[in-house]
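Subject: Handing over the two-chain model

Dear colleague,

I am passing on the structure below, followed by notes on what came out of the analysis. Please read the notes with the structure open beside them.

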Amino acid sequence: MSVSRLAKVRTGSIFGLDTQLVSVEADLAVGLPAFNLVGLPGGAVRESKERVRSAIINSGLKFPLSRITVNLSPADTHKDGSHFDLPVALAILAAANEDDLEDLHDFGILSKLSGVNELENTAFFGELSLDGSICKMDLAMAMVLGLAEKGITNMFLPAANLREVIEIPGLHFYPVSHIRELISHFADGEQIRPVTDKDWIQVYALYGENEVLTDENDKNDRGYDCEDFFDVKGQESVKRALQIAAAGRHDISLVGPPGIGKSMLAKRIIGIMPDMNELESKEVTRIHNIAGVTQGQKGGLIRKRPFRTPHHSVTQAALMGGGNRLRPGELSLAHRGVLFLDELPEFDRRTLDMLRQPLENRYIDLSRVGFKGRYPCSFLLIAAMNPCPCGYFGDPNHECICTETQRQKYFGKVSGPLHDRIDIHVSVGAVKIEDAEIGVSGVSEEENVRICSSTEEMRAGVIKADTAQRERQGDVHNAHLSVAQVKGFCRGDTLAEDLLRTAYVSFSLSMRAESKIRKVARTIADIEGHETITAEDMSEAISYNRGNNFGRSVG
Amino acid sequence: MDIDSKTLGRLGEDIAAEYVLGLGWSIVEENYRCRMGEIDIIACKGELLIFIEVKCRRSLAFGIPSESVTEKKQRHIRRTASFYLTEKMRIRKQFSDYRFRFDVIEVNFVHDSHRLSHIEDAFR
């Protein structure tokens, strides 16, 4: 009888947005029986000792009678989560010899658990229940995506999580619903059949809770269910601005009196943005999974671009991310999608100013005790606000009742630097009676379509611009071009350059404003299909820079 | 029923020892004492060494006997056991390949008879 018996299996540990590969090592030594778990286990991991013991005993095995030491390596990082149960149990059983596991015969299994040690590309995770069954875990998606990145190709996971992750290609999933299945798999008993993304039909049938994947459901997932821009009448200029914003990822502010459809317009922008590719989809799914936010019930990858609308009472931590587990905040949840800040001046001024760095860098660096992390937050900002506290400043049909001081105080909440970072500023005006279709019965279908663009039409323009950008500069959108790229790509023809020079002088623009105008003009040219920026594109872009001034006096 | 608790304890240990022998285990030590504490019975079954704590009760009014093996008592027994093993291993090179277990045997005296229950692997 050897003095010490050793086994090592792999699992993962979620660390910020990252997943770290963790080795669970079990050592069964001679001595008074004891069970020690080392390697900075968090609360839930420490308690896994009790679950593992009960689960092993209740599935009819003996819990090895020796001095058990389980190490979670690397031992210097903090680990949390209940998914360590399964690897811990397996490591202990694999380290045990026949003497320890005398009851294996009851399963009709004759050999000890073999082959567990040699499994380099295999990871195990799952929470054990006291009877030995394996419970569904949180963060399965983040775990699978993270481990796949680290080169793990075979994953033993709770069967209840299978449906959620099945569509990830290139992996072999081994669904486990009881620890007994795992034991028999490794002790040459009944084998667990691996499934891949190609088996999704069977998996959905098995674990699908009677939900059939119809066209309707598929459509919802792809994001086409977004309400149509066609519903918004008489705001063609704003729709145009939103189209440009979506095409080049330019941050945009909408200023206008209450009740004219600012929120309505903003909500529809997801529908005109191009679909996320596989990589973006994985990124977004991971962030949302770790934050504990899910879209829809059925799990799987998030296909629809996120649209986040934090309320103006949002705290700094909720916006930026934080807490002791360092959850991603609203900014990161809006990654690859849209962050809509309604009633911008109502937000806390300091909260708003925190937006500056993320808007520029498109990531947030968070550091807390023992942890530093970089969270991506490449979103499109849509800010909506009224022109004054009463809402009617500058409206031809209503009288504004605010004093000058009130107005200044209102806009003072939005700092100049933040205002400066927004590419497109538009005023949203009241809808004319002809456009509102009130009391109009006989508008012919063609005429209607002509004056009111729909999501489908706008989307076509965005996709055209998207393709143009991709061909010219790769995966970067116009709004995120570097200084050198702006110089290279955002040149206008003679007339356009003349126009910009005039504007630069007469509006005394800043250098940043100039480069922003060039970027917006580039996007307009891309939508229109112009190789170089024309004077028309340029003048439209200049108008968006001057479109509203948040109540500040025009320079 | 007016025997004092010490006599009752001895009686219980005798009953337990008889029971252990009846299981086919051999008794290595009875009433082992050292400066760390005491262990009622140390028995041996193949390559398994079992440290047994015997608990007696006359009535269940104060809970079942095994409940009185508290964490503190468990710590004492563990410490005593490890002291015992160090001594044996150092001097006689005994038990070095053995596995070890802690059992509790409880003896309930009900009227004139007694009832016995054995908890294997009671704590670790």
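In S3(B), B:Leu49 is the bridge partner of B:Cys44, and B:Phe51 of the same strand S3(B) is the bridge partner of B:Ile42. These pairs belong to strand S2 (residues 37-45) and strand S3 (residues 48-57) of chain B, which run antiparallel and are joined by five bridges; strands here are DSSP runs of E with at least two residues, helices are runs of H or I with at least four, and both are numbered from the N terminus. Two strands are said to pair if DSSP finds at least two bridges between them. The hairpin of S2(B) and S3(B) has two residues between the strands, and in it B:Gly46 takes a positive phi near 60°.

Before going further, please note that this is a predicted model, in which local features need pLDDT of at least 70 and side-chain atom pairs count only at pLDDT 80 or more, while totals for chains, interfaces and linings use all residues. Residues are numbered from 1 along each chain as its sequence is written, and chains are lettered from A and ligands numbered from 1 in the order in which they are written.

On its other pairing, S3(B) runs parallel to S4(B) over 10 bridges, and B:Glu106 in S4(B) is the bridge partner of B:Lys55. S3(B) is mostly covered, with nine of its 10 residues buried, where buried means that 20 or more other C-beta atoms, placed from the backbone, lie within 10 Å of the residue's own, exposed means 12 or fewer, and partly exposed lies in between.

The whole sheet of chain B is open, has five strands in the order S1-S2-S3-S4-S5, and is mixed in its pairing. Strand S1 (26-34) and strand S5 (113-123) of chain B stand at the edges with a single partner strand each, so one side of each is left without a neighbour in the sheet. Neighbouring strands of this sheet are turned by 25° against each other on average, direction ignored.

Two helices lie across these strands. Helix H1 (residues 5-22) of chain B lies across S1, S2, S3, S4 and S5 of chain B and runs at about 140° to S3(B), whereas H2(B), which also lies across S1, S2, S3, S4 and S5 of chain B, runs at about 65° to S2(B). Axes are lines fitted to C-alpha atoms, for helices over the stretch in contact, and angles run from 0 to 180 degrees between N-to-C directions.

Taken as a whole, chain B has two helices and five strands, and from the N terminus on its elements run α-β-β-β-α-β-β. The radius of gyration of chain B, taken over C-alpha atoms, is 15 Å, close to the 14 Å that the globule rule (2.2 Å times the number of residues to the power 0.38) gives for 124 residues, so chain B is as compact as a globular protein of that length. Its C-alpha trace spans about 45 × 30 × 20 Å along the principal axes, and 25% of the 124 residues of chain B count as buried.

The contact between the chains takes eight residues from chain B and eight residues from chain A, two residues being in contact if their C-beta atoms, placed from the backbone, lie within 7 Å. On the side of chain B that touches chain A, helix H2 (71-92) and strand S4 (99-110) of chain B are the elements that give two or more residues. That side of chain B has five charged, two nonpolar and one polar residue, with Asp, Glu, Lys and Arg counted as charged, Ala, Val, Leu, Ile, Met, Phe, Trp, Tyr, Cys and Pro as nonpolar, and the others, Gly among them, as polar.

Chain A has 24 helices and 18 strands, and 44% of its 555 residues count as buried. An open sheet of five strands in chain A has the order S11-S14-S17-S10-S18, with parallel pairing. Within chain A, strand S14 (residues 338-342) and strand S17 (residues 380-385) pair in the parallel sense over five bridges, and A:Leu341 stands opposite A:Ala383 in S17(A).

With best regards
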